[in-house]
Amino acid sequence: MKVPFNWLKEYIEGSITLNEVASSLTMSGLEVSAIEEYNDDKVLDIEVTPNRSDCLSIIGIAREIRAIFGLKLKKPTTKIKEELRDDRFAISIANPELCFRYAGRIIRDLKVAPSPKWLKSRLEKAGIRSINNVVDVTNYVLFEYGHPLHAFDLDFIEGQRIRVGTPETISGKNKEEIVTLDGIKRTVTTDDLLIWDAVKPIAIAGVMGGANTEVTEKTVNIIIESAYFKPESVRKTSKRLGLKTEASYRFERGTDIEALKEALDRAACLIQEIAGGRIYEAIDVYPTKIPKIEIPFNTEKICRFVGINLKDEEILRILELLEIDVEKKDNFYIAKAPTHRQDISIEEDIAEEVTRIYGYDKVPSQLPSLFKFVTENHELAKKRQFFSKFRDYMIGLGYSEAVNFSFMSPDDLDLFELPEEDMRRHYISLMNPLKQEESIMRTMLLSNLLRNTERNTARGIETLKLFEIGKIFIADEKTPLPQEPVHLGIITKKEELKSVFKDDPYDFYALKGLIDGVVRHLKLRNVKYVRSSELFLHPGQSADILINDEKIGFIGVISPTILSKFDFKTKPFICMAELDLDNLFKLTKQELTYKPFSNYPPIKRDTALIVSADFESQKIFDIIDSFGSELIEDVFFFDVYQGKGIPEGSKSIAFRVIYRAFDRTLIAEEVETIHAQLINMLINKTGAVLRA
């Protein structure tokens, strides 16, 4: 916004220099990007942020200077010496939810002519061309007060009335046409707010007036409009029509609803002074009040938040200079934001206002008092190191790290056939998502990793090994914030290739070996793999991972049914796993106990049992654990076989049991007796057959 310096000084009591003003405004948040020479004046080009609509005026900038330098503000006179009464003209608002207030003032018997030199000069410095004395005054007051005004030729307003409403409300139509002041015919829709007389639309509210009531050199009677339109309504209309004006620029950012009458009176005084005429009483319709904003704040908290030490008196003095009323309560204050400062709504806003007027450059550079170095926050440091080790481990095994947004599509919950009671259906929806495919916070990593695989496959990547470490978000009814556990997602993909072997289960068991390596490294016990309940995994090549009977993840081959819903041109073999790293981190903090190794030799016994094809090998581990012999040191499987020599519908599971005593060398007879008892127990409990 362009601000002539001589014009600005008229509203400040006290001596100020151009350089002081430019520097102070920039340091307080209103950047002076340039200073232009203009004859006997200087013009400041000020960048105003979108939230500071109160500074889109000369008086608004003067308010800032008054607060920064502690000076007094001078406002122009708005007192009208004599007002006449006209009961014939009426104003009504049909859509009070879009037009909160509408005021008008009639002036009769004026003389439209070119503006005086001083008025033309000031408008020219502000970047506005002169039209005539009446229109120039409305533009002058717009720059002076920041509140847009509009003058209608009263003689072209039919029915002695003005109505404010949408086409649907006023005429019952879905659209209307109006020729605006720029001579272009425009079509407005049912949602656009218009200004009407008794018959026709005469202006697009907050954007531009109509050509049918334009003030010209033949005009002798006018009515001046000063209104407050809902910012969102003006913004939508302006954007849809592709029509941006000085008025819409201010209306869509929010004007001061309480100052519109003052701006109206100021314009009436100036018009009478320049163009003559008789002023009539204002007609003010005010159906919708904007609630006053009250913000509780604590001065001690503000000082701690900003990092400065100010007394209460200094904080209250700054707020008084900003025209923010403050009321003292028991141990805190309540600030009442003025109507021209709708951007102030929370305690942090009060802290910002105090700091910028006090001076950002005066705030000492120091670390916040609550700041902790990561090395001092031992719990956080340990967790970060834990995640970092996982990342290094995966990269060392040849995996590439994926980094995805923390969003997913709600359709994925159905795509992966998650049951209704599944906790992953308890999601957080975004209020304003960019697209439907990213409209909820993710509750699983698989969705994004599969799409990463899909995109890489489309670009000719045949084999792929990816992992991601990131948060998922599960809504919790008991707390306002969601649970945010950190998960590890792993996915491997290769094309379906011919193999010399009948089965090629490498990917599944390779991934299981990776997880087993993690378990051994973390020294975790009571780890089990049981048949997975996840419907999106292949039922024959999947498992849930349990530690102490608590599920901490799953592993498996993606079901062909799920893959068919993605855009894979071939039939890839995709295996994936997802682990809850937060749970794993807690388990690693369990106290470990150590015992010395036995110095005596072990005795090993290999056994093969024939069981049904759907038999879970974990049951053999569970039975051996329950056998309770202190001589059993370790058990592991080394072969699973189906084929020649094995009955159809059955499989052979071969395992090795290692026996060792801590205090002596075992003899074969002793081990044979114990092993025979163990095998009999397994056969009796599983119905297995001993394979010769």
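**Reading the sheet and the fold**

Modeller: Let's start with a pair of strands: β30 and β32 run antiparallel and are joined by 10 bridges. Two strands pair if DSSP finds at least two bridges between them. Helices (H or I, at least four residues) and strands (E, at least two) are DSSP runs, numbered from the N terminus. This is a predicted model, where local features need pLDDT of at least 70 and side-chain atom pairs count only at pLDDT 80 or more, while totals for chains, interfaces and linings use all residues. Residues are numbered from 1 along each chain as its sequence is written, and side-chain values use heavy atoms, with hydrogens and water left out.

Colleague: Which residue is the bridge partner of Ser612 in β32?

Modeller: Ser650 is the partner there.

Colleague: What is the order of the strands in that open sheet?

Modeller: Read it as β31-β32-β30-β33, 4 strands with antiparallel pairing. The edges are β31 (632-641) and β33 (689-690), each of which pairs on one side only. On one flank, β31 and β32 share 8 antiparallel bridges, with Phe637 opposite Phe655 in β32. On the other, β30 (residues 603-612) pairs with β33 over 2 bridges, again antiparallel, and Ile610 faces Val689 in β33.

Colleague: How many residues of β32 are buried?

Modeller: Buried means under 20% relative accessible area, exposed over 50%, and partly exposed in between (1.4 Å probe, protein chains only). For strand β32 (residues 650-659), 9 of the 10 residues are buried, so the strand is largely enclosed by the rest of the structure. Across the chain, 49% of the 692 residues count as buried.

Colleague: What about a hairpin: how many residues lie between β19 and β20?

Modeller: There are 4 residues between β19 and β20 in their hairpin. Strand β19 (residues 325-328) and strand β20 (residues 333-336) run antiparallel, joined by 4 bridges. Val326 stands opposite Ala335 in β20.

Colleague: Now the whole chain. How many helices and strands does it have?

Modeller: The protein chain has 20 helices and 33 strands. Its radius of gyration is 39 Å, well over the 26 Å that the globule rule gives for 692 residues, so the chain is more spread out than a compact globule. That radius is taken over C-alpha atoms, and the rule is 2.2 Å times the number of residues to the power 0.38. Along its principal axes, the C-alpha trace spans about 125 × 60 × 45 Å.

Colleague: What share of the contacts with a separation of 6 or more joins residues 24 or more positions apart?

Modeller: In this chain, 70% of them.

Technical notes: Contact means heavy atoms within 4.5 Å.
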